[in-house]
Amino acid sequence: MDKPVTPRAAAPGPRRRDRHGRGMRGPIAPPQVPLAASRADVFADLVQDSVERLERRWPQLADIDFLVLEVPRLDGPGQAWNDEAVPLGGTISALEGRPARVVVYRRPVEIRTKGRDERAALVHEVVVEQVAELLGLTPETVDPRYGEDQG
């Protein structure tokens with residue numbers, strides 16, 4: 001006589017696919033494909049591209065740290081900002097043993113731009129302005145094409 005078939009015990013962990021072969025199958029794209037890059041990673045790449053573009057003309061930028069932060073912080077009384085004055089970037093002067101820093105704030109820049117090209121142009125503009133402030137120069141001196149990228 002045949003033994004009745006008993007259902008398999010479910011494997012520990014989340015079930016990948018339902019009994020009809022549908023459901024979770026895995027990532028939509030492999031990690032090396034741009035689709036898998038997070039918005040923060042893509043933004044950091046835009047900042048890096050801008051820095052590399054400027055380093056050809058200004059080799060001393062290799063001594064400056066470039067950072068991406070989500071949003072600006074309010075560090076103390078009297079440092080309030082409103083909708084018209086939310087900073088897109090900032091600088092931190094060099095201190096003992098620590099290089100100067102240029103900071104670009106991701107969320108304020110993203111909110112003000114619609115597409116990748118517009119975002120890349122604004123990121124470059126912010127980087128140029130902050131580098132100019134650190135070096136004590138005008139943005140046009142740092143990048144002669146400053147202001148021309150917004151087509």
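Colleague: Which side chain meets Arg 53 in a salt bridge?
Modeller: Asp 143 does, with N to O at 3.7 Å. A salt bridge here is a side-chain nitrogen of Lys or Arg within 4 Å of a carboxyl oxygen of Asp or Glu. This is a predicted model, where local features need pLDDT of at least 70 and side-chain atom pairs count only at pLDDT 80 or more, while totals for chains, interfaces and linings use all residues. Residues are numbered from 1 along each chain as its sequence is written, and side-chain values use heavy atoms, with hydrogens and water left out.

Colleague: Where do Arg 53 and Asp 143 lie in the chain?
Modeller: Arg 53 is in helix α1 and Asp 143 is in the segment after α4 (139–142), so the pair links distant parts of the chain, 90 residues apart. Helices are DSSP runs (H or I, at least four residues), numbered from the N terminus.

Colleague: Is Asp 143 buried or exposed?
Modeller: Asp 143 counts as buried because its relative accessibility is 7%. Buried means under 20% relative accessible area, exposed over 50%, and partly exposed in between (1.4 Å probe, protein chains only). Arg 53 has 28%, so Arg 53 counts as partly exposed.

Colleague: How many salt bridges does a search of the whole structure find?
Modeller: Five. One of them joins the side chains of Arg 39 and Glu 110, at 3.5 Å from N to O. That pair also links distant parts of the chain, with Arg 39 in helix α1 and Glu 110 in helix α2 (residues 106–111), 71 residues apart.

Colleague: And why does Arg 39 count as exposed?
Modeller: Because its relative accessibility is 54%. Glu 110, at 9%, is buried.

Colleague: What else does Glu 110 form a salt bridge with?
Modeller: Arg 107, with the closest N and O atoms 2.8 Å apart. Both residues lie in helix α2, three residues apart, which is about one turn of the helix. Arg 107 is partly exposed, at 29% relative accessibility.

Colleague: Which residues are linked in a network of salt bridges?
Modeller: Arg 39, Glu 70, Arg 106, Arg 107 and Glu 110.

Colleague: New topic. Which residues gather in a patch of negative charge on the surface?
Modeller: Asp 41, Asp 45, Asp 49 and Glu 52. Patches are made of residues with over 30% relative accessible area and no salt bridge, with like charges joined within 9 Å.

Colleague: Where does Asp 41 lie?
Modeller: In helix α1, which covers residues 39–55. Asp 41 is at 44% relative accessibility, so Asp 41 counts as partly exposed.

Notes:
Patches are made of residues with over 30% relative accessible area and no salt bridge: like charges are joined within 9 Å, nonpolar side chains (Val, Leu, Ile, Met, Phe, Trp, Tyr) within 5 Å. Accessible areas come from the Shrake-Rupley method with a 1.4 Å probe; for residues, only the protein chains shown count as cover. Lys and Arg count as positive and Asp and Glu as negative; His and the chain ends are not counted. The place of a charge is taken as NZ of Lys, CZ of Arg, CG of Asp or CD of Glu. Helices (H or I, at least four residues) and strands (E, at least two) are DSSP runs, numbered from the N terminus.
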